[in-house]
Amino acid sequence: MRWPGLAVRLAARNLRRRPGQALLLLLTLTIATGVLGVAMSLYGSADEPWNRTWRATNGFHVSFTVYHPPDEPGDRALVAALRRRATTQLTGAPGVVAVGGPWSHLYGSIQIGGGSEDLTAEVRDPRPSEVDQPLVTSGRWLGEGDGVVLESGLAATLGASPGDTVMIQGRPFSVRGVAQTVSRGRFPLSRPAQVWVTPETARQLRELGMAEEGFVLQLRLADPTRAAEFVAAHQSLQTVPSSSSIVPYLETWQQRRSESHSDIDIVAGTLFAAGALIAVLTIATASVLIAGRMAAQIRQVGTLKAVGVTPRQVIVVLLVEHLAIAAVATAVGLGIGRLLAPPIAATSVTLLGRPQPPPLTVTRVAIVAAVAVAVVLLGTVRPGLRGIRQSTLRSLATGPRPPRRPGRLAGLAARAGMPLPGVLGLRSAWRRPGRLLTNATGLALGVAMIVVALALRDSLELLELRPPEPGHAASDAAVAVLYDQIRAIILGTAGLLLVLATLNAWIVATFAARDAARNQAVLRAVGATPRQTVIALIVSQLGACAIAVTLGIPLGLGLWSLMEGGDLPEANLPATSLVLLAAAVPAVFAVIVSVPARLLARQPVAPLLTYE
Amino acid sequence: MSMVLEARGLVRRYPGDGAPIRAVDGVDLVVEAGEAVSVMGPSGCGKSTLLHLLGGLERPDAGELYLGGARVDGLSETRWAVFRRRNVGFVFQAFHLVDELTAVENVELPALLVGVSRRAARHRAMELLERLGVAERAGRLPDHLSGGERQRVAVARALINQPLVVLADEPTGNLDSRATGDILRLFGELARAGQALLLVTHDARVASTADRLLTMRDGAIVAQTRLGAGTSVAGLLAGLAELGGER
């Protein structure tokens, strides 16, 4: 058989010989890549529907909006001056091929359910605009006669259709039509609500008390990709006296698109953070799994070298084995992402049509594959290099390395009167410092994830306690739905993190029991009871757990400080929670270790004495 | 002499390709206090398995086992462990020392398990190591000891609690003549203290130092030879003398 074929065959044999471990690795990896895959497919899944609406409405490339708080009189003269200046400066600027507006904005309120919501009425000439002509989805656009056109999100929230009546400023107005635009986000996540009105209707609204709150001017450029350049060239328009309450801002179409789907972005961001946390723990799981079988793997490297396989070929065998798992996990993760992202995105209230996952770019695939690649490196580099650096004979003989000097801690503990099983456990604790550190690292990540999970839980409680904003019932309801989604993701993530942390502890415990099998049998042969050997094994593993708690709690708090802020309320974990955690983790870990330890203690001694 | 160990119809089977393999096949055996019994036979005939059964490291599939007058084949793992720490001393062919414990700590371990104070256990352990010529290595970990030194530490560990019976699997297999002599001298003292010794060996000269020789084949005892009535100590000493003469 040729070498590549042999490498694949050897790798396949390795996987088949340890199907449980391979499946476990694949499962944990797939959970991480799956969550990351969904996040990656979710990011930008609303872009294409947005693009469709943008094209259909001749959406702007650059928009200039001037806003001043309606409850403050503001500087009318300054607003008027800005309007004139913008009209002159922007509409005549090189590269501008079409202009929409300026359109005045009136501020008022619209009745929704039992309450009222802030409303902006955009005053439009009924004739079609060259820029941002809203796409009518039902009914008619503005024209002769009365009535308003509702932004589609507002219509959906109201459950209103053409011919219905809406209450604006306490007076009924008939609905002429419903339309979509990209010039602002969909209500209710984007506030205030928006209607389009004719100058005649605007006059009626002013009489009803609606106040001027600014205007918008929209431009299309010959080259839309130069929108940012255009904005940079006209920065001076955004400068107003600091004493003024006027807010003028220029915006590119790309900026608006990226801000149009805050709910999807928040869900995707939360999923991404969840995926990253799960990925970290998955890498920890992989590292304890790989450390656990390091000796066998190095022995195999020795065997391969003994029969004439070159060091490079050895690395290839290890790479093929781990790449197979990584490739499957990445492919499944990406597939899960493509499958689940559209239905998740479809729950968005900001979406302008059917969601469409973005194409798989190298970057997106690389982000999902990163966790799998990390595992490949972990699984290949260390055993590969160790096996190659060591002589063939030493690689072949690799087993648990005996300690080099007696542990002092155990001696001190014995003199302090610690019971014998505890002393024996302490003696074993430092036997394999490398393994101890790997286990401690894996467990520390688990502890850190528990801290993050606790902080997430507290953060959720704070979310629930957040008082509703008066006058924004519809928006609050939409935000509540969004928070429910985030809550579900966070709770699911916290649960997964706990499961993975427990799984890590279980793997550590199982390998520890396997390593200790011969020693435990010797102890029993000289008269130690099974219970004493179980205690010794538990004590031997508590060192790693103590390190994990010491490192894991600050690490978790650090991770949380990176995650919080933004959309999550700040949660301060009380010291008592952390103290309880510091006490509970070793207790739970002891229970986990006791399971394989008890199973080991039930086995007859003689076969274990020959265990390798 | 009183009976220390009695096995009746002891059977131990292992799964084979077809029918189970009878590693120990209906062994009947009685060992008296102060008696030294050696067991010989070809590799794989069941000698080590018999020793494991007699010390409770494996459970028999059939048969009865009495130690110190008490029936022990049905004891739980815990009760067996407690019984073993006081009444059975094991010497393994592969030493089976605890890697993390120094030589002296390995020796004193069974004494600590039965509740002897640390000071007394250490004193007794050092005394045994002294007599076996490895006292100066007491603070070393097993990995830093030679095969012969490890074997002597294992013997000292088996003897520290002055058990009713010492079960030794090739206890001199890794030793030079001098060390073998030290160990056989120590075993000789067992008889004087009324302790019994069951010794698995391939070395006919070591076997001949016992009171009785059992020959095993295919899991069964096929021959018993009394090497000299009432000459157990003399037999051991004679063996020692012979070995000593070779030095």
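Two bridges join strand E5 (residues 148–151) of chain A to strand E8 (residues 193–197) of chain A, and the two strands run antiparallel. This pairing belongs to a predicted model. Within it, A:Val149 has A:Trp196 of E8(A) as its bridge partner. E5(A) is also joined to strand E7 (residues 171–180) of chain A, here by four bridges and in the parallel sense. In that pairing A:Leu150 stands opposite A:Val178 of E7(A). In a regular strand, side chains alternate between the two faces of the sheet.

In chain B, four strands form an open sheet with the order E2-E1-E4-E5 and antiparallel pairing. The edges of this sheet are strand E2 (21–32) and strand E5 (70–71) of chain B, each of which pairs on one side only. Strand E1 (residues 3–14) of chain B is paired with E2(B) through nine bridges, in the antiparallel sense. One of the residue pairs links B:Ala7 to its bridge partner B:Leu29 in E2(B).

The largest nonpolar core comprises 247 residues. The members that touch the most other members are A:Leu42, A:Ile278, A:Val452, A:Leu497, B:Val165 and B:Leu198. Helix H17 (residues 473–525) of chain A gives the most to this core, with 23 residues. Leaving aside residues up to four places away in sequence, A:Val452 touches A:Leu277, A:Leu497, A:Gly556, A:Leu559 and A:Trp560. Another core, of seven residues, lies apart from the largest one; among its members are A:Ala7, A:Ala11, A:Val314 and A:Val317. In soluble globular proteins, nonpolar side chains tend to be buried together.

A:Ser459 is located in helix H16 (residues 433–465) of chain A. Because 21 other C-beta atoms lie within 10 Å, and a count of 20 or more defines a buried residue, A:Ser459 is classed as buried. A:Ser459 and A:Arg487 are 28 residues apart in sequence, with a C-alpha to C-alpha separation of 9.6 Å.

Between the chains, 26 residues of chain B are in contact with 25 residues of chain A. On the side of chain B that touches chain A, the elements giving two or more residues are helix H2 (77–87) and helix H3 (103–113) of chain B. H2(B) gives the most to this side, with six residues. By class, the side of chain B that touches chain A has twelve nonpolar, ten charged and four polar residues.

How values were computed. Residues numbered from 1 in each chain as written. Chains lettered and ligands numbered in written order. Predicted model: local features only at pLDDT ≥ 70, side-chain atom pairs only at ≥ 80, totals over all residues. Contact = placed C-beta atoms within 7 Å. Nonpolar A, V, L, I, M, F, W, Y, C, P; charged D, E, K, R; others polar. Pairing = 2+ DSSP bridges. Buried ≥ 20, exposed ≤ 12 C-beta atoms within 10 Å, placed from the backbone. Core = buried A, V, L, I, M, F, W, Y, C linked by C-beta atoms within 7 Å.
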